[in-house]
Amino acid sequence: MVALARQTLLYEWRRFLPAIIAVGFAGLLQLLQVGLVTGIFSSASVYITRSAADVWVGFPGTQSVNLGRTIDAGVEMRLRMDPDITRVEQFQWLDADWRGARDTGGVSVFVSGIETGPRGLMFQQLLSTPLRALLNEPGAVIVDRADLVTLGVNLGDVATINGRRVHVVGITGGLRALGGVNVLTALSTARLLDTAIVSDRTTYLVAKVRDPAQADAVAGRLEGATAFGSYAVWTAEQFAHRSQMYWIFDTGAGAGVLFMAAIVFLVGAVITSQTLVAAVAGSIREYATLNALGVGVNALRKVVMEQAFWVGAIGLLGSSILACGLFAIAWHFNVPVEISPAAVGACLLLSMILALVSGLAAIRTLRQADPASLLR
Amino acid sequence: MKPLRSAIPATLQASNIRKSFIAGGVTTPVLHDVNLAIRPGELTLISGPSGCGKSTLLAILSGLQRPEQGRVTALGHDLGKLDTHELEKFRLQHTGFIFQGFNLFPALNALQQVELPLSYLGLSAKDVTRRATQALEDVGLGPRMHLRPSELSGGEKQRVAIARAVAKEPELLFADEPTSALDAANGQIIIDILHKIARNRGTTVLCVSHDPRLINHSDRVLTIEDGRILADHASFSHAINIASKKEHVL
């Protein structure tokens, strides 16, 4: 079979270039947009995703980690009673005001008071045991290296949180937060920083389950009991998802993403379909000749759709390569980008649909391929 | 021995063909009750001034257009009774077309141009290539079959178009002004090829042209004016040919 679609695409590539670029950029924009939005909003759940806890317990109805209210610390007893739970820790989360060593004005910081023991669950992926142990010193804090400029400090510098002296004992990465700066301290330091914290209350309790696959069952079992006051239980996965969804949808970012996707799709489809229409129109006499020779209209439509498919495939290859490059640059500069294989698939699929819809629009041009019109 | 002309049954017959065009609310008749029968193994020429309806007649006889009235029978099929899909199938199996413009895909080389319609016939890839190569060799383009249209001269392009039309081995071959875009030498080559196809393969070749060179080389010339056939006669060369055959028979 003569590969008419591919041969024409290769030979007349200049004619198809606008369509390839349109599909490519549509794909690239979708990928970057989704990557940035998920990247930015995944930092809303950094407390959950960077920790080793399987189950989170907090105030009922909490929509996002940063919106936690305190619960009775006694719930810890209830958790410890469960045979499948191997470790329980408190996690204090508080909003505070930071004054750095350099003149930075007030900086809104989110203080995470965590257990400092060697097998501490919170931020297990970011803190080595020795680094975590440094927090044992009263007033010790650890910050993200990307936040040093914002906070106006360097390692070893002294600053104040809510007017109390703290000093930076360690620097780590991967802590960047949304709408503020994350600062890690020991639970004891966190309590000192906010006098409003009552000693028998905590923002969250986090727990490790013997078999992480059982986290769902354990969470379900704990959820019902109210003997220690009201609280809600989520698996880490549920709570992370809940936090991200809160940010994506309650901030309007989700609607923005969908709106942008629609615009990109529309503009891409207009350019691509016009290019394909022009390409079909340019060969209309040849198509009409084939039809005169008995090649059916359906076979000609297939050629146009195949062309649209290849335009889409080449465009997507280009956008994937460019996206990989841009993501690498973003990671290098600590810009939070993150994209799941499913989201990549969805973006690429959307762009391929764009190319095929444009192909369908171009098929209509084939109606002009009337062989009788060649006899004039 | 070849049977005499009148004894061969017609492969293409038209009876009472009428066609008119409507432009700006005015109906202009193009063909008035045309009747004709065309026989295989002959190069039949439809000749006449511009706008006389000869291209429309070709379109109707080849099944590309439907008449308002009348009947076209091609190879025993009543074309009026075939739907669009059946007509396409009929054309694929039985007819070849050569147009004034060569209408070759710029991206394909000569061999691929010829292979393209063949590949829809359900032949094996090997057969497709074999028949396409043969068709190109028959028109004298064997050594140039890997060149694209941009590398071929006008005459060569028309020969590729002829090879594309005849590689399917159609019983009916239609040509619309096949020589009008060509110089004298190339025009002559095309005429000779068309003639050979009619003679050697027994193909019904119907050609529309006002090229006087073609008139001298056709077996039969139909002259059309204002949508009517004015004259139908065996051409000079054909007359000689027939006469020599008759002598031979006697």
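**Exercises on a predicted two-chain model**

In this predicted model, 45 Å separate the centres of domain 1 and domain 2 of chain A, taken over C-alpha atoms.

**Exercise 1.** Determine which residue ranges form the two domains of chain A, and characterise the side of domain 1 that touches domain 2.

*Solution.* Step 1: the domain assignment of chain A places 4-43 + 252-374 in domain 1 and 46-250 in domain 2. Step 2: to the contact between them, domain 1 of chain A contributes 9 residues and domain 2 of chain A contributes 10 residues. Step 3: on the domain 1 side, helix 2 (13-42) and helix 10 (253-282) of chain A each supply at least two residues. Step 4: helix 2 of chain A provides the largest share of that side, 4 residues. Step 5: sorted by class, the side of domain 1 of chain A that touches domain 2 of chain A holds 5 nonpolar, 4 polar and no charged residues.

**Exercise 2.** Describe the contact between chain A and chain B, and identify which element of chain B gives the most to it.

*Solution.* Step 1: the contact joins 29 residues of chain B to 23 residues of chain A. Step 2: on the side of chain B that touches chain A, at least two residues come from each of helix 1 (54-61), helix 2 (84-94), strand 6 (95-98) and helix 3 (110-118) of chain B. Step 3: helix 2 of chain B gives the most to this side, with 6 residues. Step 4: the class count for the side of chain B that touches chain A is 15 nonpolar, 9 polar and 5 charged residues.

**Exercise 3.** State the confidence of the model, and locate where confidence in chain B is lowest and highest.

*Solution.* Step 1: the model scores are ipTM 0.88 and pTM 0.79. Step 2: the average pLDDT of chain B is 87, and 91% of its residues score at least 70. Step 3: within chain B, confidence is lowest in helix 8 (residues 236-249), at a mean of 53. Step 4: confidence in chain B is highest in helix 3, at 95; helix 3 of chain B also supplies at least two residues of the side that touches chain A.

Terms used:
Residues are numbered from 1 along each chain as its sequence is written. Chains are lettered from A and ligands numbered from 1 in the order in which they are written. This is a predicted model: local features need pLDDT of at least 70, side-chain atom pairs count only at pLDDT 80 or more; totals for chains, interfaces and linings use all residues. Two residues are in contact if their C-beta atoms, placed from the backbone, lie within 7 Å. Ala, Val, Leu, Ile, Met, Phe, Trp, Tyr, Cys and Pro count as nonpolar, Asp, Glu, Lys and Arg as charged, and the others, Gly among them, as polar. Domain bounds come from an automatic or database domain assignment. pLDDT is the predictor's confidence in each residue, from 0 to 100.
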